[in-house]
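Colleague: Could you walk me through reading the packing in a model like this one? I'd like the general idea, then the case at hand.

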Amino acid sequence: MTLFWLIVALLLVAATALFILPMLKGPNKKADADRDALNKAFYQQRLNELEVDEALGVISERDVMVAELQHNLLEDIPAKKDTRQSGRVSRAALLPGVVLLCVVSIGLYMHTGAMTQVSQWQQVMTSMPEMRKKADAGLLNEPEDIARFALGLRTELLTDPTNVSDWAMLGLAGLRLGNGEIALRSYEKAYELSPNDGYIQIIYAKLLTRSNNPDDIVEATRILKALLKTDPENTEALSALAMSAFGQGNFHEAIAAWEKLLTLMPADAKGIDVIRQSLAYAKSQVASSGVRLGVTLSISPEVASQMPKNGSVLITVTDGESTVPVVVKQVSAGEFPMRVELDDGSAMMPSRLLSSLKQVKITATITSSDKMDKLRMTGESRVYPFTGQETVDVTIEKIEQ
């Protein structure tokens, strides 16, 4: 601030000098001397002309004309003196002008120069270390304090634009202030600087999912899927991916993400009921799409004689070429024959759904919750063409130790 006022003072001194120096200068003596010389030369020239005219007989009253010429020359002398006197200005007379110049200049700056804002900004920069400590401790809660902290962060990022931590804090400040644009742009910069930071990836992806730009949604999905490849049990990423897919009407992807999320969350976790309700709704939407595969299960007499008391049936569907399951569903073993409905909601991966298959092969396996029971009872179908409404019969007839 001291430097600023020093610069203001120097500018005012320079402006004052430009104002008073021309006034303090005396009359231009050289110009007066040049004028006297010119008058003398003009007078001498006219005398010479009169002599020539008299010699030629053009004029007869030379004395009268010479007297008139001398009179004209003398008349110019008082005007010259008046001019010299009027060129002198009193220094005291300049004082009001100097004062007016300073007052008007400072007044204009006070009115248009945002002096109050500059002063507030300097106070913010002075208190930045203290505000950082409060922010790290989670004690920066008032909107006004958060706005001041955001201003300080933006200022410091001008000198250090590669500070990932400051970009992330500025993004959080934007979220706390309800300014989604600041939050998105700040985390975008943080992601550019540190693309492998899981925390930044999730927050940035979540912000992208709120965008109305389809390209942002695609980018958010890409980031979340890349994160889940390296950390498949990241509940934050699964939740964000499910919500993004659900919002875009991609119920299959949302179902897969939510089902995996439920296996990772405690039964009494906060918000788990909301997830279950959303999952049920997504499944109802998938069921109403019309793509179904009906499976009618029956068992051979030999299998029926050795059925476990607390058994269940695991049904898997493949494309008939690869052994990797596309759909998996487990149901309790009840009375046979029994019918099971499969749809895209039972898909293992959102990128590979039942509705994408052109042919299917079904395998059914009876398992037991009794660890002492080592028997495996299986049955499988042949490969059937699939158009979305088929029903396939499977007989469980093989018993393996």
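**Cores and a helix pair**

Modeller: Happy to! In soluble globular proteins, nonpolar side chains tend to be buried together. In this predicted model, the largest nonpolar core has 50 residues, and Phe149, Tyr187, Tyr204 and Trp258 touch the most other members. Helix H10 (residues 198–209) gives this core its largest share, seven residues.

Colleague: Which residues is Tyr204 in contact with, leaving aside its neighbours within four places in sequence?

Modeller: Those are Leu184, Tyr187, Glu188, Tyr191 and Ile223. There is also a second, separate core of 26 residues, with Val313, Leu357, Val394 and Ile396 among them.

Colleague: Now the helices. How should I read a packed pair?

Modeller: Two packed helices are described by the angle between their axes and the distance between the axes. Take H12 (residues 235–247) and H13 (residues 251–264): their axes come within 8 Å and cross at roughly 155 degrees. Angles over 145 degrees count as roughly antiparallel, so H12 is roughly antiparallel to H13. The crossing of H12 and H13 is left-handed.

Colleague: Which residues make the contact, and how do they divide by class?

Modeller: H12 contributes residues including Leu238, Leu241, Met243 and Phe246, while H13 contributes Phe251, Ala257, Trp258 and Leu261, among others. By class, the contact has twelve nonpolar, two polar and two charged residues.

Terms used: Residues numbered from 1 in each chain as written. Predicted model: local features only at pLDDT ≥ 70, side-chain atom pairs only at ≥ 80, totals over all residues. Heavy atoms only, no water. Core = buried A, V, L, I, M, F, W, Y, C linked by side-chain atoms within 4.5 Å. Buried < 20%, exposed > 50% of the residue type's maximum accessible area, 1.4 Å probe, protein only. Helix = DSSP H or I, 4+ residues; strand = E, 2+ residues; numbered from the N terminus. Contact = heavy atoms within 4.5 Å. Axes fitted to C-alpha atoms, helices over the stretch in contact; angles between N-to-C directions. Parallel < 35°, antiparallel > 145°, perpendicular 65-115°, else oblique. Left-handed = near helix turned anticlockwise from the far one by under 90°. Nonpolar A, V, L, I, M, F, W, Y, C, P; charged D, E, K, R; others polar.
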